[in-house]
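I wanted the cut-offs written beside each term.

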Amino acid sequence: MKATTIEDAETYEPEEGWQRKSLAESDRFSFEWFEKPPGHSSPMHDHENEQVCVVLKGELTIYTEDDEVTLTEHDAAHLESWEEHRVENTGDELAIGLDVFAPGRSFDFWTDRE
């Protein structure tokens, strides 16, 4: 078993106020805790990993090429592999969520981007 506390988790901040923490990862899956300030959006992107985004606090809107959905506390959305999307905090407070990726990925996805 490997346990990770939120305080000891590997952390990075791809943009000011957008923080991600790696809670668990393997070749098969990864779990990333994140927070986004109001108004913040990730860029439109896709990846080979399937993704489940769970909202723990606040409000997040997920935009795809064909659709959009607004999630609030305890809601979740599943994104298929290579489905282009972006995630925006459309609420008035800090949003906290959990992303699950399969297969797993590391923070290199964001840190190695051009």
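The entries below go from the whole chain to single residues.

**Basis.** I am working from a predicted model, in which local features need pLDDT of at least 70 and side-chain atom pairs count only at pLDDT 80 or more, while totals for chains, interfaces and linings use all residues. Residues are numbered from 1 along each chain as its sequence is written, and side-chain values use heavy atoms, with hydrogens and water left out.

**Fold.** I looked up the secondary structure and found one helix and nine strands, where helices (H or I, at least four residues) and strands (E, at least two) are DSSP runs numbered from the N terminus. Read from the N terminus, the order is β-β-β-β-β-β-β-β-β-α.

**Size.** I compared the radius of gyration, taken over C-alpha atoms, with the globule rule of 2.2 Å times the number of residues to the power 0.38. For 114 residues a compact globule would have a value near 13 Å, and the protein agrees because its own value is 13 Å. Along the principal axes, the C-alpha atoms fill a box of roughly 35 × 30 × 30 Å.

**Contacts.** With contact meaning heavy atoms within 4.5 Å, I noted that 66% of the contacts with a separation of 6 or more join residues 24 or more positions apart.

**Charge.** The protein carries 9 positive and 30 negative side chains, and the centres of the two sets lie 5 Å apart. Lys and Arg count as positive and Asp and Glu as negative, with His and the chain ends not counted, and each charge is placed at NZ of Lys, CZ of Arg, CG of Asp or CD of Glu.

I found 39% of the residues buried, on a scale of relative accessible area where buried means under 20%, exposed over 50% and partly exposed in between (1.4 Å probe, protein chains only).

**Backbone.** Most residues other than glycine have a negative phi, and most peptide bonds are trans. I therefore listed H74, with phi near 75° and exposed because its relative accessibility is 60%, in the loop between β6 (68–72) and β7. W82, with phi of about 65°, lies in the loop between β7 and β8 (85–88) and is exposed at 55%. The A102 to P103 peptide bond is cis, with omega near -5°.
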